[in-house]
Each structure stands twice: as C-alpha cells, then as structure tokens.
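Please look at the sequence and the model first.

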Amino acid sequence: MVVEAAACALCGLPTRHPIEDETGSIFCCPACREVSHLLAEDNGSGPKPVLSDTAVTQDLTFSLSGLWCPSCAWLIRANLEREPGVHDSDVSFIQREARIRYNPEQTNPRRLRKRVRRLGYRAMLAGETPHDEEEAHWMRLLVSGVAAMHVMVLSFMLYIRQWTGRATVETEWLVNIFELMILAASVPVILILGWPILRAGAASLVRGRPNTHTLIALGAFSAFGLSLRNFISGSGGLYFDTAAILLFLVALGRWFEMRAQKVSTTAVERLWEQVPPTAAWMTPEGEIQVSPDELPPGARVRVRPGQRFPVDGIVAIGEGDVDESLLTGEPEPVPRRDGDRVLAGTISLDGSFELLTTAVGAETMVGQIGRLLHQALWQRAPVERLADKLAAWMVPTAVLLSALTFAFWTRQADLETGLIYALSALLIACPCALGIATPLTLWLGLGRAAESGIILRQTAVWERLARAEHIFFDKTGTLTQRPLRLQGVAVDGIVKSDFLAWVTAVETASEHPIGQAIAAAGREKLGDAAPPPAAEFRIWPGQGVSGMVQGTTLFVGNGRLMQAQELLCPSTLEQQAAHWREQGMMVLFAGWDGQVHGALALAETLRPEAAQTLAQLQELGLTTAVLTGDDLRAGKRWQRELGVPVFAGLLPEDKVARLRQNKKAIMVGDGINDGPALAAADVGLAVSVGADVAQAAADAVLLGGHLATGGLATIPWLVQFARLTMRKVRQNLAWAFFYNLIGLALAVSGRLQPEVAALFMVASNLIVTSNALRLRKQPLAAAAAS
C-alpha cells in the first residue's frame, strides 16, 4: 500500500522526511519549521492599534505640478490651512506632493483639490494619472525655443543696425517689418511659457499671497503690454524680445532645476526598481510565476543564479554568494546557505536557492528603507525652514522694491525707464536660488548616504552630525562580533547538562546578543535533547533575564541581578568567576531558590575594523569613548585593547545620564537594547542586524550590521560627508544671499537690464544646483574605506 506524503504545514509541498514540532504540525524541512515559528511570534506579539472613537480625521495625499520654487509650496500649504476642516497640511517641493489631515464632516478631497487648482497649480488625487511635469515642460520649451531663437536673431540684427551706425530713414521700412516679425514670434512664447505662469501668479496675487509666478508674470507681461501699446501707437520703445527671452531663460532654468530635483530622489526609485516584478512560487501543482505581493507568508520561492531575490526570506535549500551592495553599499559578495536570511533586491551570483517567504512588498527591508527615505524627505531641517521663511518674505519684498524702483525712475526719467528698471528688480529678486539651495543639497546627501548603506530618518540629522563633538559606542554587538562564544560552565550542586538545559530554556526567548549566544551554545551541547519549555520570560534591564522552568523561577544575569534577588553564591563559583574575569571574560550567573547554582563564561572578539574606526574618528576631532555594562575589570581590558576610554558597569539609565552630560554627542548601538541611549544622544546611529530597520530608536541606520565590519567603517565617512554637506549648504545660502543683495543694488540703481537680470537669475540657479550636485561625485563609504 502506498501512503501519500503529508503536506508541509507552511509551504504546502509534500514532506519526504517529515519534521514534527511541539504543536504537532508537520514540516518538510527545518527552515519551514523555523519560519513558521517566526511568523507565529510576529502574529502574536506587538501592540494592536487602538482606534479612538473621537478620531474623525482622515489623511489625504495629492500629487502636484506647476511648482516653481519652495515659495509655491509655502503658498499651497498656507492656502490649504485656511480651509475649514483642515487640521494640518504639508507640501513637499521636491516630491511634488501635499499631505493633508482633514475632518471629512467639514470638507472633502475634491473640494481641497479645487482649492489648490484655483491657485493655478495642478493637483491629482490617488488613482488619477499623474501629470508628467518634466515631459510637458520640455515639450513647451522645445516649441517655444524655436520662436525664441527667431526673436533673438531678429532683435540682434536690429541691435547691429544701431551699433554700427546704419540706422537711416531709408531702412526704416525694414525695421517695421522686423518688429512685426518679432511680435509674431514672441506671441507663441508668451502663450506657451507665459500663460501658465500668469495664471498661477494672478491667482496667488488675488488671494494676497504673491509668489515667484507673480514676479515673473508681472515683469514679462508688463514688458509685453508696454511694447504692444507702443507698437500700435507708433511711438516709444519695443520690448517684445525682452519679454520672450526672459520667459525662455526662466523656463530653461526651471528645467535644469527639475532635472536636479529628479536626481535627488533617485535613491528611493532605484531601490524599488531592483525588486523583480515576478517570483517563482513552488506549489504542489508545480512552479508558477506570480507577483511577489501575492505570495503568502511561508511561500516557497525559487531563485536561480543571476536572478534577484523577489522577497525577504530564509534559505531552505541552496548555497552560494549573494551581492547585497544595493542595501549595504559593500561590493564584496556575502555567502548564504541553509537557514540564512536573504533580502529582496539582492542578487544570487552563483547559487540556486529555495527560500521561505517572511516579508513581501512594503514589509521587506527594501520597502522599509524606501519608506524611511520617503519620510525623511518630508522632515524639514531647521536650516530648511529658515530658507523657506526667507524665500516667502523675499517675494513681497521684491514686489515692494520693484514698485519703489518704478516710482523713482518714472519720476526721474519716464514711464518706460521706470518699468524696465522695475522689471530688472523683480527678476533679480526671485528667491529661486535661495529656496532651492538648502533642500536640494540635503536631499542629494540622503541619496548618497543610502547608496553607501546608511539610511537617515530626517534631513536635520546632517546638521547635528556636522556639529558633533563626542561619539560614544556600545560595546556588545557593536564593536564586538556576533555571536559571543560560551567558553566555560561551572556548576554547584547540579548536573552540568541539567543546568545548561534550564539556562537554555530561558535564554531562548531573549533577543540580546549574549542571551542568543548562550542559547545557541546550549542547544549545541545538548544535541538531540530539547530544553524544557520556559514561561513568564522577563527582561531585567542592565542585569539579565528570568523565566519559569518546571515551576521554578530561574534568574540568569550578572552579579547585580543575583544580589537584587538575594541569591547566595558559593565560594567555589566566586573563585572560578574571578579567574575568568582576570582572563577578560564576561561572567554570568544562574540561580533559583535562594542560591546561585552555576556560572557561565563568555568571550567576544573585536570586529576587524573597530580599532581603525575609532582612530579615524579621533583624527576627525571627535572625543571617542565606549559605554558598556561589563564589569570594571573587563572594561580595563577593552580600554587597553581599543586605546580609548571605556566606561564600564553602566546601567541603561547611566548611559543616558552620561550622554546628557555631553552635548553634541553621537551614540552608536545595535538598536536592540540601546533604545534609551540612542534616543538620548544628539544623533543615534543604529547598526542594523535584522530585517526590521524601521524599529530602531535611532536617527540613522547602518545597514551593514551583519557584515564583518558591522557597518563601523562607514561612520567616519558619514561624519565627514555630513560636514561636507553642511558646508555646501552654507556656500549655497551665502551665494544666494549675496547674489540677491548685489543684484538688487544694481537693478534699483538702473545698472542692470532685464535680459541680463534674467540671465543672472538662471546662472545663479545653475551655480547653486551644480554645487549641490558635486556631492554625487564624492566616493561612497565602501570606496573611501578601501
């Protein structure tokens, strides 16, 4: 009789060698059993969201187009917040999005969209086809560019006539024809490039919120209107070329800005593009191609050599090298085999893998990184907010100065002179360079850091990193390599195997590196014998853990925990512990029922790059130290080995207190048990070692935590790059400020023609943009370290 093989409880495939767990479930391999337990823990742990009955607000996101500078974003935000029912709003100039929190009982998405459109901007709701602003702008620029070239050529010929002294009555009829041709060629430029600007500028002016559109529209259409009046009357100067060339130069500069802004957000787009659109799902019916988002947890996926992993998962079958440079910035491939974790978007270089799905889509590490980067673009740094305020004030200031210039020169000379000089003042005072100088630089820095395997949660981190004076490291799991190794076990009054079984039972529930090392060593030494189940697991911060095994509460931790629980330690164990400490080992105790029954010795080794990283940080002028909960004797050993001060015997609250004593401090930890210290520091850097990069209580996440270097080698690069980024910000702000100051002085005094002012405005934007783009030429962290 043929007995049909049972199906795996996780992936559904037939089981050739069934494995049964404590719940009676059947699995086809150890990896399926492990993933099943992980998924069960994820589904059963963590707080559930609590919805308030009084919460009536909803969130809405618009896609926007037609924004010319941050003052446009400020205008939209200010206008939205005047709508009844809007609780909060934010507009991102770079991302071309508006986020709104509103009360659906007082307003609705279509009403809010209409309010934005009345300002002259495009607004698209979710699900609507977004407007390709860059493509549309490029097409308008191409078409109007042909007409603008005709205007420039014809105008230049008339200027040559004047400059060479050939302006005679006999050729006046030819001048009239040329002027008519210039008018005809300038009309398409005015309509194609000027009309969108006029519509947005007029809408903002009517609502008492003038912006950059207002300045350009006032200048260009005033020059065109005056020229049309003079052309019809047959007297006065014509400035059709001024209006047309002004709009063309402004539009050209705008296109350069759009290209630069697109470059600054490529880091997020590049991450998503690397995830394959399909996955090979292994089912009992055979292999099928599906979208990764359709895969359920535990689904078995096949990845062949040269392919990218479509999901996060654990390797069930297979072995080979994996290129993880997309996420870590490290060019060296990483070996992966059964039981190892692999990440979506990484490449299998030479191995064929079967993996069990643990996360898809937004829950993968790629998804979490993309979400963090997207959120970071919404977080304004203080220097950004300052630049936004200055840009917002520059517009009404420019209008006032141009009005005063017009009034002064009209009285001193004539109406046309006053208008031309006022136009120059309007153009030179456009706050485009000031508005784009800061955010573009910071956002480019975010992208470059992401390419190096460093994810910053907000742009404000650059400022704090650049001004940091101190840097502190957690030792365990940060400067030292995982896993720790169990070097010795001493017992008193109990069989060693029984002692290890009880300790392993409790430490299996721990997420701390020390607990994981003890549990791993215990399982290895116990072999096929499984440890008894443990219940009522509890963490004692800075001291250890406890749990109930076979009705007895077992405490595992340092000497402070034993004293706090009034557990007496036999002299034999005290002597053995002293011997281990003299060798620089970490000693933990385990006890129950009023007595310590055993001791464990663990030793750890430094990461290869730890000493070099600390030395480089000291060369950068940072005061460097290590904070650890190890005892004082172990602290002295690490101080000799590292060459920096080591503060030992610290509880979590002691680390927080020391960080608060040192302002402008960076804290580097593993993100697992260093949450309070990371949060207390001016900048918290978490070395990520798991798949959940979004849970670390830190300002930045170093994604290379699972590599040999632990991501440490990127920290000196990060500090240097932060200083460089802020230096670029200061340079751009200084340039924008002095450009506006000197340009306004020249324009108001009548020493600057409108065409030259428009050219200067474009040149200023290009200078600021190109200076920011130089950050892309800086070597990545991996290249700098090598």
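Strand β10 and strand β13 (residues 341–342) are joined by two bridges and run antiparallel. Within this pairing, Ile314 stands opposite Arg341 of β13. The model is predicted: local features need pLDDT of at least 70, side-chain atom pairs count only at pLDDT 80 or more, and totals for chains, interfaces and linings use all residues. Residues are numbered from 1 along each chain as its sequence is written, and side-chain values use heavy atoms, with hydrogens and water left out.

Two strands count as paired if DSSP finds at least two bridges between them. Helices (H or I, at least four residues) and strands (E, at least two) are DSSP runs, numbered from the N terminus.

Buried means under 20% relative accessible area, exposed over 50%, and partly exposed in between (1.4 Å probe, protein chains only).

| Strand pair | Bridges | Direction |
|---|---|---|
| β10 and β13 | two bridges | antiparallel |
| β10 and β15 (residues 353–359) | five bridges | antiparallel |
| β11 (residues 320–323) and β12 | three bridges | antiparallel |

An open sheet of three strands has the order β12-β11-β14, with antiparallel pairing. β12 (334–336) and β14 (347–348) are its edges, each with a single partner strand, so one side of each has no neighbour in the sheet. Val322 has Val334 in β12 as its bridge partner.

Thr214 lies in helix α6 (residues 212–233). Thr214 is buried, at a relative accessible area of 2%.
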